[in-house]
Amino acid sequence: MSNPRDLNEENRPHDDFLRRCGSAIASLFKMRIDKSGGRIIFVGLCFFSIYAIIGTRLVYLGLKPNEGQAVRAHTQESIAAVRPDIVDRNGVVLATDVKTVSVFAEPRRIIDKDEATELLTAVLPDLNANELREKLGRKNGFVWIKREITPKQQQEIHRLGLPGIGFQPEHKRIYPNGVAAAHILGAVNIDNIGIAGIEKYIDGLGLAEINSLGFARQPSDIKPIALSIDLNVQHALRDELFKGMEKFKAKATAGLIIDVNTGEVVALASLPDFNPNNPVDALDPNHINRLAVGVYEMGSTFKALTTAMALDSGKFKINSQLDARSALRYGRFKIGDYHAQNRVMTVPEVFIHSSNIGTAKMALGVGVEHHKAFLRKMGQLDRLRTELPENAEPIVPGRWGELNTMTIAFGHGLAVAPLQASMAVSALVNGGYLMTPSFLKQDGDRRAQATRVIKPETSEALRYVMRLNGTKGSAAKSAVPGYFVGGKTGTAEKVIAGRYAKTRLLTTFMAIVPSDKPRYLFVTLVDEPQALPETYGFATAGWNAGPITGKVIERVAPLLGLPPRFDPPEQPFPVMAKMNAWGSKP
Amino acid sequence: MNRFLTLVSIAALIGSALFAYRVKYDTIYFSEQVAKMKNRIVREQDAINTLRAEWQFLNRPDRVQTLTESHTDLVPLAVQRIVRWQDVPARKDQGDAIGAKIEALGAIETTSAIVKKPDAKPQPKKTQEKQP
């Protein structure tokens, strides 16, 4: 640094560098037409790309759906899910949604909580002031104050002008017919989610998913669900059952009408029942659907199954002789007859006199394994699953020996749901087609798709013996003239503390109308009917379940479009006549 | 010429701006109308739904039955009330009811005679005259 020469030598390249930089900067601002063309294009490209980015972003924002609003709409709708209407087979409304309003609060936005509490309780007097004060004191963003208020209350709350209080439109489920078809419809909770019956089934169809995606805003967006129920028939059935229950001072009654050719349940009532508008009642154990959830030993109505099995196996003919002269002994057990005839009888006689001995002998004749296989084929040993979520597993004996076969033959020792037994009896009389009962409207005859479980001749034999029972046997009291009714009664002693109780009976009656070409199966169940003076002290099925069914048939047949016939049909049972069956010749 | 073209283009510009303005505000107006109409439709649908529920509530079978039992003499249809057409007895010949009534009133003439009343009238008068 002290040497000037050194300094000079050091400085020279530096000067050169500065000069070159200076000329480069100067040339940057020099406009030279031959060299600037490329630059202009470059700058132009820069601007173009910037504007292109801005433009595409604008288009993108414009096309993008407004997410915030969609989320809001979705949360609003899912609070009370929209449900499809439920209508009966003729389109009459059974359940529908109506709009109501609920009031909510956003505690963080309420300024004076005490004042808000005071004013709100003045409008809604059924609110507990302390509870409300506690609710508003929370740090939540959202609390319900009251669900489903009236329009007048809404108006009054709106007039209070409280900040942080809002209204939420909701769908409320209404069952305008009250108790009618309660067990089939089921109920919904306050959030409009099905908790029982068809309502729960509807949710299972994927409605919950549809709702959560926010697709269904209006009830009109969803097609109504048509049930197989006929409201008028349903009401008539319930009314007659109610009268019967009062008359015989029974604990419970239940009734069922099935279209045997389609498997549709036209009416189902189980008393005591509940009003679906008050869902709490639906959970009362006394209000269960006795036909689907209760399992019972069906008693003599099961003899229809045994008779069909015996005839279908080919081991018995319609005129086969069965010795019922003395009680049947098995070990220390003795099987006797209630209406003891003490003679040799043919199959129709066994059926109309409801002989336990004869039926047990038929079952023994076909054997334990065949009996078991037949009942399984008829769906009596497995849980019956219909659209209704409520169902019950039959109580099947663990070890099934000869004694079990003997007792099950006449309906003891195997407890099934009455709906299940009705399904089997429908199959016995409709030509042998087994169909799962359905609560949804079906289009026409379903027999073509159904599985055949017995031969058509056996089916005719069953219709024949049931009709015979309607003219000569225990079902005579229920046979309404003109409808060609056939049926089978059943009286089972209830098991109380492990023993059969002689005085506590469960009586059943199954009737087919008309017997020559059945269209409907009527089932009536009476739980613990009492003997009355006019029944001469009897409490068996022929005296209570039978006459109730008769009244139901008389009242309901015109509603179902069944015309009464004045002359008995010619040749109703051609095969039976050809086989010269007992009782076919007057 | 140039100035004229300029004026025309300015006028065209203002015109198109006005047109665009009108289209824009019309669109806003109509979309508001559509939204209002949609709201009204929803409200109407809700009202229809509520009315349907109410109609069914008032027509529910057990209510109808209670009303029928307390206000009318109607009874459920019994089998005995259904008869075949051929069982309906032929109507009895009840005779000429109107003619009988006229006879009872004392006028013996047939209906055709009544038409000719002016001619027939003097007759009874004559008899009356003869009697005293």
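Which residue of chain A forms a salt bridge with B:Asp46? The partner is A:Lys99, and the closest N and O atoms of the pair are 2.9 Å apart. Please keep in mind that this is a predicted model. Below is a short tour of the contact between the chains, some well-covered elements of chain A, and the salt bridges found there.

**Where chain A meets chain B**

- The contact draws 26 residues from chain A and 20 residues from chain B.
- Together the two chains bury an area of about 1900 Å², with carbon and sulfur atoms giving 57% of that.
- On the side of chain A, the residues that lose the most area to chain B are A:Pro176, A:His235 and A:Phe566, which together make up 26% of what that side buries.
- Two salt bridges are counted between chain A and chain B, and six residue pairs are in polar contact, both residues being at pLDDT 80 or more.
- Strand 2 (93-105), helix 9 (231-247) and helix 18 (545-556) of chain A each bring at least two residues to the side that touches chain B.
- Sorted by class, that side of chain A holds twelve nonpolar, six polar and eight charged residues.

- Strand 8 (residues 252-259) of chain A is mostly covered, with eight of its eight residues buried.
- In a regular strand, side chains alternate between the two faces of the sheet.
- Here both faces are covered: A:Ala252, A:Ala254, A:Leu256 and A:Ile258 are buried on one side, and A:Thr253, A:Gly255, A:Ile257 and A:Asp259 on the other.
- Strand 8 pairs with strand 20 (residues 520-527) of chain A in the antiparallel sense over eight bridges, and A:Leu256 stands opposite A:Val523 there.
- Strand 8 also runs antiparallel to strand 9 (residues 265-271) of chain A, joined by six bridges; A:Ala254 has A:Ser270 as its bridge partner.
- Strands 8 and 9 of chain A form a hairpin with five residues between them, and A:Gly263 in the turn has a positive phi of about 80°.

**Another hairpin and a covered helix**

- Strand 18 (residues 486-496) and strand 19 (residues 499-513) of chain A run antiparallel and are joined by ten bridges.
- A:Ile496 stands opposite A:Arg499 in this pairing, and the hairpin has two residues between its strands, with A:Ala497 in the turn at a positive phi of about 50°.
- Helix 11 (residues 303-313) of chain A has ten of its eleven residues buried, including A:Lys303 and A:Asp312.
- Just after helix 11, A:Gly314 takes a positive phi of about 85°.

**Salt bridges**

- Over all chains, the whole structure holds 32 salt bridges.
- One of them joins the side chains of A:Glu199 and A:Arg83 (2.9 Å, N to O).
- A:Glu199 sits in helix 8 (residues 197-212) of chain A and A:Arg83 in the loop between helix 3 (67-79) and strand 1 (86-87), so this pair ties together parts that are 116 residues apart in sequence.
- A:Glu199 counts as buried at 0% relative accessibility, and A:Arg83 is buried with a relative accessible area of 0%.
- These two residues belong to a network of salt bridges that links A:Arg83, A:Asp97, A:Arg173, A:Glu199 and A:Asp203.
- A:Lys172 forms a salt bridge with A:Glu148, their closest N and O atoms being 3.4 Å apart; A:Lys172 is partly exposed at 27% relative accessibility, and A:Glu148 is partly exposed at 23%.
- A:Lys251 and A:Glu528 form a salt bridge with their closest N and O atoms 3.8 Å apart, linking parts of the chain that are 277 residues apart.

Definitions and conventions: Residues numbered from 1 in each chain as written. Chains lettered and ligands numbered in written order. Predicted model: local features only at pLDDT ≥ 70, side-chain atom pairs only at ≥ 80, totals over all residues. Heavy atoms only, no water. Pairing = 2+ DSSP bridges. Helix = DSSP H or I, 4+ residues; strand = E, 2+ residues; numbered from the N terminus. Contact = heavy atoms within 4.5 Å. Buried area = accessible area lost by both parts, 1.4 Å probe. Salt bridge = Lys/Arg side-chain N within 4 Å of Asp/Glu carboxyl O. Polar contact = N/O pair within 3.5 Å; in protein donor to acceptor, adjacent residues only side chain to side chain. Nonpolar A, V, L, I, M, F, W, Y, C, P; charged D, E, K, R; others polar. Buried < 20%, exposed > 50% of the residue type's maximum accessible area, 1.4 Å probe, protein only.
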